[in-house]
There are 2 protein chains.
Amino acid sequence: MAKKLDEWHGCPMRYAAAMIGDRWKLLILRDLTLKGARRYRDFLDAGEGIATNILASRLVQLEDAGIVNREQDPKNAARTIYSLTPKGTDLIPTLLAMIAWSAQWDPETEVPASFERALRSDAEALAHEIRDKLPQFAGE
Amino acid sequence: MAKKLDEWHGCPMRYAAAMIGDRWKLLILRDLTLKGARRYRDFLDAGEGIATNILASRLVQLEDAGIVNREQDPKNAARTIYSLTPKGTDLIPTLLAMIAWSAQWDPETEVPASFERALRSDAEALAHEIRDKLPQFAGE
DNA sequence: TGAACCGCTTGCAATTCGCAAGTTACCGAA
DNA sequence: TTCGGTAACTTGCGAATTGCAAGCGGTTCA
């Protein structure tokens, strides 16, 4: 029997797999981290074809995991703003490691040369740069 | 967000998400990389409760992706040996980034202090160390 | 030669996914 | 102040995937 969802803790790979081991969650994190997505529609329109019910479920899971923050836009109550929490921004090095791997092994993947150079020469600095450009949510 | 980060449209993350964006694949990679798993039964017995049909399907997908190699044990034709290809071992930094994240954010993490220390001080060296200890498959 | 093991495969019920349509709330213009 | 449009979901339903258990063909060992 598969481990219950409350038995995630302990093994770090099991924890990470449970939290972000999902195609759609990774794409949502990409959009938040690298594409400036902040609203529900941004994710829907990201070009990956995620269904709206799946998007809603993944955003709830990421919020419950403490990775994503959800808040009402103070200037427009009809709008919701999604952002990365500190726990979420701490995933940037993981995303960058994936990008470096894909850049090396997927012949059809296009990573800008400047980006890949920055990644290979100093990934930590690039991670900081990306993090510092992210908008902060109101709770921070 | 800065245009520099918008030049490409998520291809590398889409590729990585498609290849390893799955809970079971990440656990299989963990077992291969860190737990010395080499045979079908090793994965079944890893304690995660993966179903045998799911395991078989994921191993095929990882093999098709060029991440995992499957070969017959030359000393026992009834046995199959699974191992990481170079494309697979190049995922070690990604796994280590996930482990570092989990070690930081899972309050019940079981990452040994010595491992975490090695990870934080020189992740690249640790990745090499892990890779060098892996068995090579016959094709290499 | 037969029992045991190994690596799967199959059958089936239950869960999850993906698509499309519907719903609720808010905002801005008339 | 109402009305149309937008934003963020929610619901319904058929299809695909998952999880569980049993089965199966090949190989090794006693």
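Which base atom of DNA strand C lies 2.8 Å from a polar side-chain atom of A:N53? The atom is a base nitrogen of DNA strand C, and in chain B the side chain of B:N53 has an N or O atom 2.8 Å from a base nitrogen of DNA strand D. This is a predicted model, in which local features need pLDDT of at least 70 and side-chain atom pairs count only at pLDDT 80 or more, while totals for chains, interfaces and linings use all residues. Residues are numbered from 1 along each chain as its sequence is written, chains are lettered from A and ligands numbered from 1 in the order in which they are written, and side-chain values use heavy atoms, with hydrogens and water left out.

**Where chain A meets chain B**

- Counting a contact as heavy atoms within 4.5 Å, chain A brings 50 residues to the contact and chain B brings 48 residues.
- The size of an interface is often given as the accessible area lost when the parts come together.
- Here the buried area, meaning the accessible area (1.4 Å probe) that two parts lose on being put together, summed over both, is about 4,600 Å², and carbon and sulfur atoms give 70% of this area.
- Of the area that chain A buries against chain B, 17% is supplied by A:M13, A:W101 and A:W105, which is more than any other three residues supply.
- The interface holds 16 residue pairs in polar contact, with both residues at pLDDT 80 or more; a polar contact is a pair of N or O atoms within 3.5 Å, where within protein one must be able to donate a hydrogen and the other to accept it, and residues adjacent in sequence count only if both atoms are side-chain atoms.
- On the side of chain A that touches chain B, two or more residues come from each of helix 1 (12-20), helix 2 (23-34), helix 5 (86-89), helix 6 (92-105) and helix 8 (123-133) of chain A, where helices (H or I, at least four residues) and strands (E, at least two) are DSSP runs numbered from the N terminus.
- Helix 6 of chain A gives the largest share of that side, 10 residues.

**Salt bridges**

- A salt bridge is a side-chain nitrogen of Lys or Arg within 4 Å of a carboxyl oxygen of Asp or Glu, and the rule finds 17 of them over all chains, with two across the interface of chain A and chain B.
- The side chains of B:R14 and A:E48 form a salt bridge, with N to O at 2.9 Å; because B:R14 lies in helix 1 (residues 11-20) of chain B and A:E48 in the loop between helix 3 (40-44) and helix 4 (52-64) of chain A, the pair joins two chains.
- Taking buried as under 20% relative accessible area, exposed as over 50% and partly exposed as in between (1.4 Å probe, protein chains only), B:R14 is partly exposed at 31%, whereas A:E48 is buried at 15%.
- A:R14 and B:E48 also meet through their side chains in a salt bridge (2.9 Å, N to O), and A:R14, B:R30, B:D31 and B:E48 are linked in a network of salt bridges.
- Within chain B, B:R131 and B:D90 form a salt bridge whose closest N and O atoms are 2.4 Å apart.
- This pair links distant parts of the chain, 41 residues apart, with B:R131 in helix 8 (residues 123-133) of chain B and B:D90 in the loop between helix 5 (86-89) and helix 6 (92-105) of chain B.

**Around the DNA strands**

- A residue is near a strand if one of its heavy atoms lies within 4 Å of it, and 21 residues surround DNA strand D, the closest being A:R70, A:Y82, B:N53, B:R58 and B:N76.
- Among the atoms of DNA strand D within 4 Å of the protein, 66% belong to sugar or phosphate and the rest belong to bases.
- An N or O atom in the side chain of A:Y82 is 2.2 Å from a phosphate oxygen of DNA strand D, and for the side chain of B:W24 the corresponding distance is 3.2 Å.
- Helix 4 of chain B gives four residues, the largest share of the surface near DNA strand D.
- DNA strand C is surrounded by 19 residues, of which the closest are A:N53, A:R58, A:N76, A:A77 and B:Y82.
- Helix 4 of chain A gives the most to the surface near DNA strand C, with four residues.
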